[in-house]
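Subject: Structure for you to look at

Hello,

Please find the structure below, with notes on what was found in it. Keep it open while you read.

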Amino acid sequence: MSLSNLIQNWNSFRTRRPYEGQYDDAPYKWAMVIDLDSCIGCNACTVACYAENNLPVVGKERFGKGQAMHWIRIERYWGEGDTMTSEFPDHGAQYLPMLCQQCEAAPCEPVCPVGATHHSPDGLNTQVYNRCVGSRYCSANCPYKVRYFNWWNYPDRAWPNPLELQLNPDVTVRSKGVMEKCTFCMQRLRAGMDKAKTEGRILADGEVLTACAQACPTSAITFGNLADKKSKVARMWKNQQVDLAKDSQEKSEEGIRGYRILEELNTYPSIVYLERVRNLEA
Amino acid sequence: MTMSNLDRRDFLKVLGISGAAATLAGCGHTSIESGVEEVMSYVHPQDFVVPGIGVFYASTCAQCGSGCGIMGKVREGRVLKLEGNPESGISGGKICGLGQAGVQAHYNPDRLRTPMYKGEGGLTPVSWETAHQILEQRLGPNSPLKGEEIAFLTGGVSGHQRVLLENFLETFDSTHHVTYDALSTATGRAASKAILGAEQPLWNIHKARLILSFGNDFLGSGVSPVYMARQYALFRKAPRGTLIQIEPRMTLTGGNADRWYPIKPGTEGILALGIAHDLLQHEEFSRGVPQEILDLVKNYDRDAVSDITGIGSDAVRLIAAQLWNNTPSLVIAGPSVEGHSYGFSNAAAVQLLNVILGNRGQTMEGQAEHPFPQLTPTLGSYHALADLNQKMAAGKTQALLVYGTNPVFTAPSHLPFAESLSNVPFKVAFVTHMDETAGHCDLVLPLLSALEDFGTHVAEYQPDGVEVMLQQPLMEKLYPESKGYGDILLEILKKRKPEAYAAFPDYYSYLKTAMVKAKPVFKVSDSDDHFWEDALRNGLVKWDGKPTSLEARLPALTMPKPAELTTDYPFYFVPSIRPDMRDGRHAYLPWLQESPETMTTVVWDSWVEIHPKTAEAMQIKEGDILQIQSATGSVRAKAYLFPGIQPDTVSMPLGQGHTQLGRFATGVGVNPYKILDPIFDDHTGELAMHATRVALRKTGEHQVVVKDEGPTTFQNGQKLVATLSADQAKLSKEI
């Protein structure tokens with residue numbers, strides 16, 4: 001079953017997705033813009049994610065083994081090449097909030113032998129915990145390294161009483177042996193979409209935010225519905241001349257900041273980053 | 001309300017609302033029956049309470065003194081998550097990581113759950129009945145204590161918590177409220193007051209075309225980081241402002257700078273005078289500048305300044321030229337400027353630039369006058385603790401109450417606070433967690449968490465008029481044996497001064513009465529109950545104060561040249577303030593321990609930062625255990641190679657090294673406070689925290705540094721974080 005699944009998935013993703021106008025008739029396609037010129041590296045988003053999504057604190061030893069469970073992390077770089085160009089970081093540090101890019105052609109999806117990771121109709125790369133058998137192929141295949149495996153049974157130890165009272169009842173507490181990742185705060189989206197559906201409408205722009213976007217003190221993270229052409233996120237994508245279904249973007253002029261990370265791998269990420277700006281004359 | 005023995009002025013003072021601007025109606029009847037509230041059964045919940053649906057309640061974040069309005073998501077009687085409160089002019093609906101972790105302070109497994117009293121076998125649990133008996137015996141109406149025999153030692157405290165505290169002390173004819181802040185900004189505030197007439201001016205960051213920051217980490221650990229971050233976001237929109245940061249060790253804010261300069265610690269004032277020297281060549285700036293300043297600045301030409309500071313003379317010229325070209329600008333100073341024996345002069349020299357550049361009234365204004373001075377925050381200092389310590393050591397202090405501060409942990413080793421405590425016969429700690437200082441006290445009282453208690457808060461930095469922030473419980477208390485700080489004080493006050501306080505069954509009714517009584521100032525025409533309910537629902541009441549104007553004084557300054565490094569202590573030692581740990585009080589929060597410190601990405605540890613070139617010369621590799629030796633003491637920590645540091649400087653983060661603060665803090669890292677040398681600011685007497693010098697010794701031991709960054713800290717040609725030159729960006733065309 002697993003091999004046929006794998007091949008089937010692979011084919012479907014490599015041949016069918018993404019394509020122009022894919023979400024034209026869909027009510028939702030969730031996407032993000034992260035402005036690296038506004039991001040100050042403060043970690044408000046990362047802590048918000050721990051609070052919202054029941055992420056376990058793993059402790060020093062396991063963190064040291066690379067077992068941290070931060071669905072969003074701030075990466076910090078000192079240069080664009082492979083060395084520093086001067087003795088000091090003259091133009092500051094380079095902060096990068098890195099989370100699941102919710103790729104349209106996600107490398108993690110076709111390699112799952114059990115279909116635990118798959119694409120949702122609203123364009124999310126989802127992880128079905130009770131299907132996951134812990135092969136970890138998805139993590140190995142993820143170029144962004146944003147999938148996190150439960151090497152331990154964290155419910156046993158990560159929330160000593162009464163810390164467990166803080167756990168979000170809308171989010172599963174994952175047990176040993178399953179993979180997990182950023183969901184774009186699926187529980188918030190689900191609740192919002194259900195409510196809107198009951199009221200016979202679609203969600204308004206900004207009605208539901210991910211925890212990271214809501215917390216961000218500089219509003220560097222814009223989250224929204226790309227299928228709604230009037231949403232801020234859709235207008236930003238258009239303004240930044242990034243097309244979801246293209247793997248290289250043609251810009252009409254210089255100085256347009258939007259880009260997708262590792263786009264050349266044909267992953268078609270749902271997150272557009274805006275280049276950090278620096279006054280290099282200063 | 002019993003008013004017979006209490007005149008009106010006293011009554012307003014009891015409620016914390018006396019003051020110049022408080023023109024209040026007389027004491028008529030109010031519709032409040034204090035403490036009598038409608039009790040609703042959960043079986044008949046209010047309409048908005050639906051099982052499975054979270055409801056947001058407004059409150060105020062108590063994790064730092066910024067006074068951010070927050071909202072707690074409450075579901076089935078539990079608070080689950082905190083968000084910013086959009087009603088709050090300070091937080092504007094945003095929240096930082098430290099604020100988020102407030103829920104972990106509340107649900108922390110190491111919360112103190114019962115009162116503790118020191119017997120022969122150390123601190124042991126006692127009942128509240130016993131605790132009250134002890135309190136009454138020592139501090140009740142028959143207590144013989146007077147004046148300075150009693151002291152109340154706190155961290156920064158504001159609102160009615162401060163009012164009750166000071167009213168409590170007044171019943172002993174005492175004003176001995178000692179506010180200690182291990183990260184005191186008293187020197188910088190004094191310098192700002194001397195030059196601009198205001199300790200903490202308002203900074204219109206978003207209006208500045210250029211910000212020149214000397215070591216002020218305003219985005220991370222400054223006076224109001226969430227508000228500043230929001231303003232910074234506007235500052236970076238078109239027309240994008242430029243940030244230049246000058247500091248010995250790159251802070252979070254420094255990492256965001258357009259241009260970052262490493263400076264020799266303690267030479268910031270000289271650089272500022274060098275920039276002033278360049279500016280004052282132009283008549284536009286030199287007009288009206290007193291001769292003393294012109295004379296002072298004369299000695300600081302670019303080359304002289306460059307020699308002392310390590311900042312090239314071209315850079316001095318460039319910075320001055322940019323200040324010239326980009327008006328209005330904003331020049332600010334931070335801890336690395338203040339922390340020297342001449343820190344006051346250093347900071348004053350930096351502020352001088354604002355006067356020369358004419359930034360007053362443009363990017364800098366005075367804060368609005370507070371209508372209720374009794375509610376304003378007390379701001380801590382080091383010398384307040386040192387004075388208290390002297391009195392304690394001399395046996396003058398008979399009773400000490402401690403709240404919101406942990407000097408046994410944060411005081412340097414040359415201030416033997418723990419030892420002095422043993423001279424005080426009766427010491428009470430008000431804590432949520434057993435900490436190092438509480439461990440030395442006789443009676444330790446378990447407080448409600450900030451998410452369980454009532455309170456009012458007034459922030460030091462009031463960006464928009466004046467807000468009195470309300471803190472309300474977001475859930476029932478977790479531990480029946482914990483009590484509110486206000487309730488405990490009120491209970492003692494009721495015994496000491498029944499005529500003023502007997503009418504208040506609890507702190508809640510006291511607060512409500514006080515706020516409702518203050519209503520006329522807030523120009524609200526609602527009924528009292530509506531006013532109170534609105535205040536709770538919004539989490540704040542606003543007073544429409546207008547910014548005041550700043551003065552410009554140009555006092556004569558002397559700027560000493562820092563002594564050269566010696567062979568015994570060849571490195572400057574710079575302690576860094578982590579935006580999440582602050583003075584170390586938050587080290588018990590696991591989210592923060594596991595949150596990588598942004599600049600280094602290290603978790604769960606202490607480390608010593610050293611420039612790669614220095615490390616290479618000394619053959620030090622990452623993870624080598626170094627002994628960091630000052631004249632005062634030494635600590636051992638792992639080396640971390642860090643390019644954002646001046647090469648003759650090493651830096652360690654503050655906040656770790658607890659011996660007693662619960663399972664998540666104890667035994668993690670080391671405490672650099674203990675190696676700070678006894679060097680003090682000449683003007684303010686504050687501890688000069690950046691003036692210590694150290695030697696490094698390799699121990700031959702090595703441990704892996706646990707951190708989030710991978711083997712490379714470079715992008716290796718991949719487009720991960722791309723950088724665009726500001727002149728090419730088309731921000732004005734963006735959405």
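Predicted model: local features only at pLDDT ≥ 70, side-chain atom pairs only at ≥ 80, totals over all residues.

**A sheet in chain B**

β1(B) and strand β2 (residues 69-75) of chain B pair in the antiparallel sense over six bridges. Two strands count as paired if DSSP finds at least two bridges between them. Residues are numbered from 1 along each chain as its sequence is written, and chains are lettered from A and ligands numbered from 1 in the order in which they are written.

Within the pair, B:S59 stands opposite B:I70 in β2(B). The two strands belong to an open sheet of three strands, in the order β1-β2-β3 (chain B), with antiparallel pairing. Its edge strands are β1 (55-60) and β3 (78-84) of chain B, each of which pairs on one side only. On average, neighbouring strands of this sheet are turned by 35° against each other, direction ignored. Axes here are lines fitted to C-alpha atoms (for helices over the stretch in contact), and angles run from 0 to 180 degrees between N-to-C directions.

The loop between β2 and β3 of chain B holds B:E76. Phi of B:E76 is near 45°, a positive value in a residue other than glycine.

Two packed helices are described by the angle between their axes and the distance between the axes.

Helix α5 (residues 159-170) of chain B packs against helix α18 (residues 485-496) of chain B at an angle of about 25°, with their axes 10 Å apart. That makes α5(B) roughly parallel to α18(B). The cut-offs are under 35 degrees for roughly parallel, over 145 for roughly antiparallel, 65 to 115 for roughly perpendicular, and oblique for the rest. The crossing of α5(B) and α18(B) is left-handed, meaning that the near helix is turned anticlockwise from the far one by less than a right angle; clockwise would be right-handed.

Which residues meet in α5(B) and α18(B)? From α5(B) they are B:H160, B:Q161, B:L164, B:L165, B:N167 and B:F168, and from α18(B) they are B:Y485, B:G486, B:L489, B:L490, B:I492 and B:L493. Two residues are in contact if their C-beta atoms, placed from the backbone, lie within 7 Å. By class, this contact has eight nonpolar, four polar and no charged residues. Ala, Val, Leu, Ile, Met, Phe, Trp, Tyr, Cys and Pro count as nonpolar, Asp, Glu, Lys and Arg as charged, and the others, Gly among them, as polar.

The other pair is helix α8 (residues 268-279) and helix α11 (residues 302-309) of chain B, which pack at an angle of about 165° with axes 9 Å apart. α8(B) and α11(B) are therefore roughly antiparallel to each other. Their crossing is left-handed. The contact is made by B:I270, B:L271, B:G274 and B:D278 of α8(B) with B:R302, B:V305, B:I308 and B:T309 of α11(B). By class, there are four nonpolar, two polar and two charged residues in the contact of α8(B) with α11(B).

**Where the chains meet**

How many residues of chain A are in contact with chain B? There are 72, and they touch 75 residues of chain B. Elements that give two or more residues to the chain A side include α2 (44-53), α7 (232-239) and β11 (276-278) of chain A. α2(A) gives the most, with seven residues. By class, the side of chain A that touches chain B has 36 nonpolar, 20 polar and 16 charged residues.

Strands also pair across the two chains: three bridges join β11(A) to strand β26 (residues 723-725) of chain B, and the two run parallel. A:R278 stands opposite B:S725 in β26(B).

**Two cis peptide bonds**

Most residues other than glycine have a negative phi, and most peptide bonds are trans. A cis peptide bond joins A:N161 and A:P162, with omega about 5°. A:P162 is in the loop between β6 (147-149) and β7 (179-181) of chain A. Another cis peptide bond joins B:T327 and B:P328, with omega about -5°. B:P328 is in the loop between α12 (313-325) and β12 (329-333) of chain B.

Regards

Methods: Helix = DSSP H or I, 4+ residues; strand = E, 2+ residues; numbered from the N terminus.
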